[in-house]
Amino acid sequence: MTINEVNGAGQPQKGYTKVKVTDKDSGKSFVIDFKNAKVKGNEAEWTIKDGKVLDKNGKEVKDNELEVTRYQAALIKAAADGDGNGKKLDSNDLVGSLYGKNAEAELQNAKSEFHVAKDKINDPPAQFGDADALEHGKIYANVENAKGEKGHLEIQFLDDQAQTAQKNDKAWYEFWK
C-alpha cells in the first residue's frame with residue numbers, strides 16, 4: 001500500500017506521473033504511476049516526466065495516454081507487476097530475467113499473438129527469453145509471432161540512468177576508495 005492510498009490523496013508522489021495505458025487493439029486500458037522514464041516501442045517513443053507525457057517530438061500527449069499495441073500493453077503491465085504492485089512502475093520493478101517469465105505470462109493473459117523471443121545472444125540462452133529488467137534502470141522485451149513479425153518495448157528510468165552515470169563518472173582508481 002502506498003502513502004497516497006493511505007492518506008487518500010490520489011495524486012502520484014514526486015517523480016511519478018499518472019499514465020493511462022490503452023490497448024488500441026481492444027480499447028482496454030489501465031492506469032499506472034510511472035517513475036520518470038523514456039518508453040520506446042518499434043516506432044513510437046514517449047518521455048514521461050514531471051507529470052507530463054511527451055511524444056518523440058516533445059509535444060505533450062493529451063490526457064497522459066499511451067496508445068499502444070496489445071503486446072506493448074501486456075509488456076508494460078508485466079513490468080509494473082515486477083514487485084507485486086501493478087499500480088506503480090519504478091526501480092522496485094527491476095527483477096532481472098524474471099521479467100521475461102512475467103512478460104510471457106502477461107502476453108498469454110492478454111491473448112496476444114506475440115510471445116517473448118528466444119535469447120539468441122547468450123550461451124547458454126537466458127531461461128525466460130530475450131527480456132530483462134536490468135539493475136541500471138532499463139526494462140526491455142523483444143517479442144515475435146508465428147508470422148515472423150517482431151516487436152520491441154523498452155522502458156528506461158531517467159532518474160536511475162542519471163544515478164548510474166554519476167556513480168560511474170570516476171577515474172578507474174577511485175572505485176576502490
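1. Two strands pair if DSSP finds at least two bridges between them. Helices (H or I, at least four residues) and strands (E, at least two) are DSSP runs, numbered from the N terminus. The model is predicted, so local features need pLDDT of at least 70 and side-chain atom pairs count only at pLDDT 80 or more, while totals for chains, interfaces and linings use all residues. Residues are numbered from 1 along each chain as its sequence is written, and side-chain values use heavy atoms, with hydrogens and water left out.

2. The protein chain has 4 helices and 11 strands. Of its 177 residues, 40% count as buried; buried means under 20% relative accessible area, exposed means over 50%, and partly exposed lies in between (1.4 Å probe, protein chains only). Contact means heavy atoms within 4.5 Å. Taking contacts between residues at least 6 apart in sequence, 54% join residues at least 24 apart.

3. In one of the facing positions, Thr17 stands opposite Phe34 of strand 2. The two strands form a hairpin with 5 residues between them, and Gly27 in the turn has a positive phi of about 85 degrees. Strands of a sheet pair through backbone hydrogen bonds, either parallel or antiparallel.

4. Which strands make up the open sheet, and in what order? The sheet has 4 strands in the order 6-1-2-7, with mixed pairing. Strand 6 (65-68) and strand 7 (88-89) are the edge strands, each pairing on one side only. Strand 7 pairs with strand 2 (residues 29-35) in the parallel sense, over 2 bridges. There, Asp33 stands opposite Lys88 of strand 7.

5. Asp23 belongs to strand 1. With a relative accessibility of 8%, Asp23 counts as buried. Leaving aside residues up to four places away in sequence, Asp23 touches Lys28, Val68, Thr69, Arg70 and Ala73. Asp23 and Ala74 are 51 residues apart in sequence, but their C-alpha atoms are 8.7 Å apart in space.

6. Helix 2 lies across strand 1 (16-23), strand 2, strand 6 and strand 7, and runs at about 50 degrees to strand 2. Axes are lines fitted to C-alpha atoms, for helices over the stretch in contact, and angles run from 0 to 180 degrees between N-to-C directions. Is helix 2 largely enclosed or largely open? Helix 2 is largely enclosed by the rest of the structure, because 9 of its 11 residues are buried. The buried residues are Tyr71, Gln72, Ala73, Ala74, Leu75, Ile76, Ala78, Ala79 and Ala80.

7. Helix 2 (residues 70-80) also meets helix 3 (residues 98-109): their axes come within 8 Å and cross at roughly 135 degrees. That angle makes helix 2 oblique to helix 3; angles under 35 degrees count as roughly parallel, over 145 as roughly antiparallel, 65 to 115 as roughly perpendicular and the rest as oblique. Helix 2 contributes Tyr71, Ala74, Leu75, Lys77, Ala78 and Ala79 to the contact, and helix 3 contributes Tyr99, Asn102, Ala103, Glu106 and Leu107. By class, this contact has 8 nonpolar, 1 polar and 2 charged residues. Here Ala, Val, Leu, Ile, Met, Phe, Trp, Tyr, Cys and Pro count as nonpolar, Asp, Glu, Lys and Arg as charged, and the others, Gly among them, as polar.

8. Strand 3 shows an alternating pattern. In a regular strand the side chains alternate between the two faces of the sheet. Strand 3 runs antiparallel to strand 4 (residues 45-49), with 4 bridges between them, and a hairpin of 4 residues joins the two. Val39 has Trp46 of strand 4 as its bridge partner. Strand 3 also pairs with strand 11 (residues 150-157), in the antiparallel sense over 4 bridges. In that pairing, Lys38 stands opposite Gln156.

9. Asn64 has a positive phi of about 50 degrees although it is not a glycine. Asn64 sits in the loop between strand 5 (52-55) and strand 6, and at 14% relative accessibility it counts as buried. Lys111, also not a glycine, has a positive phi near 60 degrees. Lys111 is found in the loop between helix 3 and strand 8 (115-116), and it is exposed, with a relative accessible area of 68%.
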